[in-house]
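Morning, everyone. I have one structure to show you today. Please have a look at it while I talk.

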Amino acid sequence: MLSQVYRSGFQPFHQRLLPWVQSTALSRSRAADRVQPSTIRHVRSWSNIPFITVPLSRAHGKSFAHRSELKHAKRIVVKLGSAVVTRGDECGLALGRLASIVEQVSVLQNQGREMMLVTSGAVAFGKQRLRHEILLSQSVRQALHSGQNQLKEMAIPVLEARACAAAGQSGLMALYEAMFTQYSICAAQILVTNLDFHDEQKRRNLNGTLHELLRMNIVPIVNTNDAVVPPAEPNSDLQGVISVKDNDSLAARLAVEMKTDLLIVLSDVEGLFDSPPGSDDAKLIDIFYPGDQQSVTFGTKSRVGMGGMEAKVKAALWALQGGTSVVIANGTHPKVSGHVITDIVEGKKVGTFFSEVKPAGPTVEQQGDMARSGGRMLATLEPEQRAEIIHHLADLLTDQRDEILLANKKDMEEAEGRLAAPLLKRLSLSTSKLNSLAIGLRQIAASSQDSVGRVLRRTRIAKNLELEQVTVPIGVLLVIFESRPDCLPQVAALAIASGNGLLLKGGKEATHSNRILHLLAQEALSIHGVKEAIQLVNTREEVEDLCRLDKMIDLIIPRGSSQLVRDIQKAAKGIPVMGHSEGICHMYVDSEASVDKVTRLVRDSKCEYPAACNALETLLIHRDLLRTPLFDQIIDMLRVEQVKIHAGPKFASYLTFSPSEVKSLRTEYGDLELCIEVVDSVQEAIDHIHKYGSSHTDVIVTENEKTAEFFLQHVDSACVFWNASTRFSDGYRFGLGAEVGISTSRIHARGPVGLEGLLTTKWLLRGQDHVVSDFSEHGSLKYLHENLPVPQRNTN
């Protein structure tokens, strides 16, 4: 057995790893690669860091100003910190994680980008290799001289880092080669020292080599030559060039030298925090600007490697001044490491983005904080004060009508030719629309008098111990809407009435309209000092990034296309979404339907506003009505209104020359198009609705009350009507004043969601030194649980 162990020691280490790399590493099994973030104990001020103000002079453009521009990055350097590359025991590589990183780099390389890696790991790989060889050597010697009993007493000596680096470089590179080969990508190793940057000839040689490798579509893998690298020269940074004393400074120097567009620095923390990660008040900094140094304190460096967050920030700022954009992010978290690099390049909000361009307004995180504090102040106002704000906003909509319509005209002119006709109609504002909005807002003001703080239940738990359940705001709402500027004042009024903070994210096609409407909303709020309760989010903020702000947003309400709603429901992480993904509304025309009513109801439901989510999309007709005057009247009316008809499978089978057969019975057209299908009974109509509908709004047209009641009770939709247009499914028409949307979910609110749907409850318990032990078996008190009268609600 000893001879077998001894012989295995002569097999090159990377060759023993290769089968595992090809099978396991590339299967993206990273669960074992968890690395706990380093704890930060000693805090030091930014002022101790030498700040570099003179980058290498070169003809290179400015860094990207916004994350959304990172998708245009052509040349990218990815720096892998020691904590990313190594395992938690610091002896050996995190192979699954490394394979995932190689996969992402390969994807970007195959997109036509020029990728470069600056990698740590040689020391850890060499340490694993040398420990194995020393253990193997000791086991053989001790087995020959002392027997097996002393194998347990072997001690591994402390290994010198340079020796480990020398032993690990070749194996590390062989591992990278094996991984990149799986994606038909060639990699090349380059080992550098400070001299390669300070000596002009060596610097030109290095530059030429890297450019030639990139030209040949080869990924350069760069590392400091830790086997021979001397200690860093003290204060060399002050000469205007950053010295290569760790892989952070190497990555920055390489990025500037090669005029790269983006430097991604992966570590074991989420990014840059304003105080040491793990502390109670630590907040991740989304965007860091060179002028914000004083807002940050640092702790100790990472558990492995030579640098720390100080070194990373210093290198990042130096690269930024050299024209390279920088992102510092976590490359160890198992839930994100598999796509962290590609997410950064796509412009998603990952880690800390370093930018030289500071926006004029607040960040979305700051807006979230302002909406939270402003909403809490709003909730403490008297009901009359909140109503006064809404009345003032209604007045502004009519008083400032000309300015609003002028802004909307700009949006319409810019959208002409870019938006479809239904979206252009949604985008358009008119005097009549503004007047209707003002009327709706005044309805909201009237209904808001006792919305917040209304007592729903009172219970006497015991003597002098009374419990109340009262209504309270939900918190901070995020409402995302497309091409609907009229949505802004409606939602704003509902948020004001319910005491909620509000973040609004409108589509860029309505930028001018949204801006002036938001200013009017804030003007109205200012009369009681709560201007910041409603915030309009910058159009540069990606919807997917907003959906990740689970610590500052309590409810997301999408208003737009079914695709928008589905995307938000998919992207929302830990935040409930209220809304409907589709408005597939049905109307069933029963065999006992009135001829006079049917055509009016079908015309209004389909043709009055076909782009609305409550417009009719599928008309179900009882089979007995085919080839009758009623059926002919329906078809003639649709032809006059220029409605394109799609035939359902059963309807098509009855016709010799039928319209185009529908591709799907589950379609929301949003235009002058309608699906017609035939059913044999009211039960078949109900079954069809349950199978193909979206639980939005469904209607029966009949003179038979029994049939109608059966339909009303059995159709499981948010809104079910009898002899009424689907277009009545609307907050304003329901008398809610306005709505934030129509919900088809089954929790909290359903149908048109007005003021009541934006409230939740809390419990208030008033006692006098009551403790639970008094109610135990041998206690002095007994539970009463008496229902007490609730104050009557003001319905005027």
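Let's start inside. About 40 Å³ of space lies in the second largest cavity. This is a predicted model, by the way. The structure holds two cavities of 30 Å³ or more.

Which residues line the second largest cavity? They are Thr119, Gln169, Leu172, Met173, Gln189, Ile221, Val222 and Asn223. By class, four lining residues are nonpolar, four are polar and none is charged.

Now the pockets. The largest pocket has a volume of about 1,800 Å³. Its lining counts 44 residues. Leu284, Lys349, Glu365, Arg548 and Leu549 lie nearest the centre. Which helix gives the most to this lining? H12 does, with five residues. The lining divides into 15 nonpolar, 10 polar and 19 charged residues.

The second largest pocket has a volume of about 1,100 Å³. It is lined by 42 residues, and Arg484, Asp486, Tyr609, Ala612 and Arg727 lie nearest its centre. Here H16 gives the most, with five residues. The classes are 13 nonpolar, 15 polar and 14 charged.

Look at H24, residues 682-692. Its buried residues are Val682, Ala685, Ile686, His688, Ile689 and Tyr692. Why do they sit on the same side of H24? Because they cover an arc of only 160 degrees around the axis. Remember the general rule: an α-helix has 3.6 residues a turn, so residues three or four places apart point the same way. What do the buried residues of H24 pack against? Their partners are strands S17, S18, S20 and S21, and helix H25.

Step back to the whole protein. It has 25 helices and 26 strands. Of its 796 residues, 54% are buried. Take the contacts with a separation of 6 or more: 77% of them join residues 24 or more positions apart.

Last, confidence. The mean pLDDT of the protein is 83, and 83% of the residues reach 70 or more. Which element has the lowest mean pLDDT, and which the highest? Strand S1, residues 44-45, has the lowest, at 30. Strand S17, residues 585-589, has the highest, at 98. S17 is also one of the elements that the buried residues of H24 pack against. Over residues 1-59, pLDDT stays under 50. The model still has 123 contacts beyond four places in sequence for that stretch. Residues 234-242 also stay under 50, with 20 such contacts.

Note on methods:
Residues are numbered from 1 along each chain as its sequence is written. This is a predicted model: local features need pLDDT of at least 70, side-chain atom pairs count only at pLDDT 80 or more; totals for chains, interfaces and linings use all residues. Side-chain values use heavy atoms; hydrogens and water are left out. On a 1 Å grid over the protein atoms alone, a cavity is a set of points where a 1.4 Å probe fits but cannot get out, and a pocket is an open set with protein on both sides within 12 Å along at least five of seven lines; lining residues have an atom within 4 Å of a point. Grid points are joined across faces, edges and corners, and a volume is the space filled by probe spheres set on the points. Ala, Val, Leu, Ile, Met, Phe, Trp, Tyr, Cys and Pro count as nonpolar, Asp, Glu, Lys and Arg as charged, and the others, Gly among them, as polar. pLDDT is the predictor's confidence in each residue, from 0 to 100. Helices (H or I, at least four residues) and strands (E, at least two) are DSSP runs, numbered from the N terminus. Contact means heavy atoms within 4.5 Å. Buried means under 20% relative accessible area, exposed over 50%, partly exposed in between (1.4 Å probe, protein chains only). The arc is that of the directions from the helix axis to the C-beta atoms.
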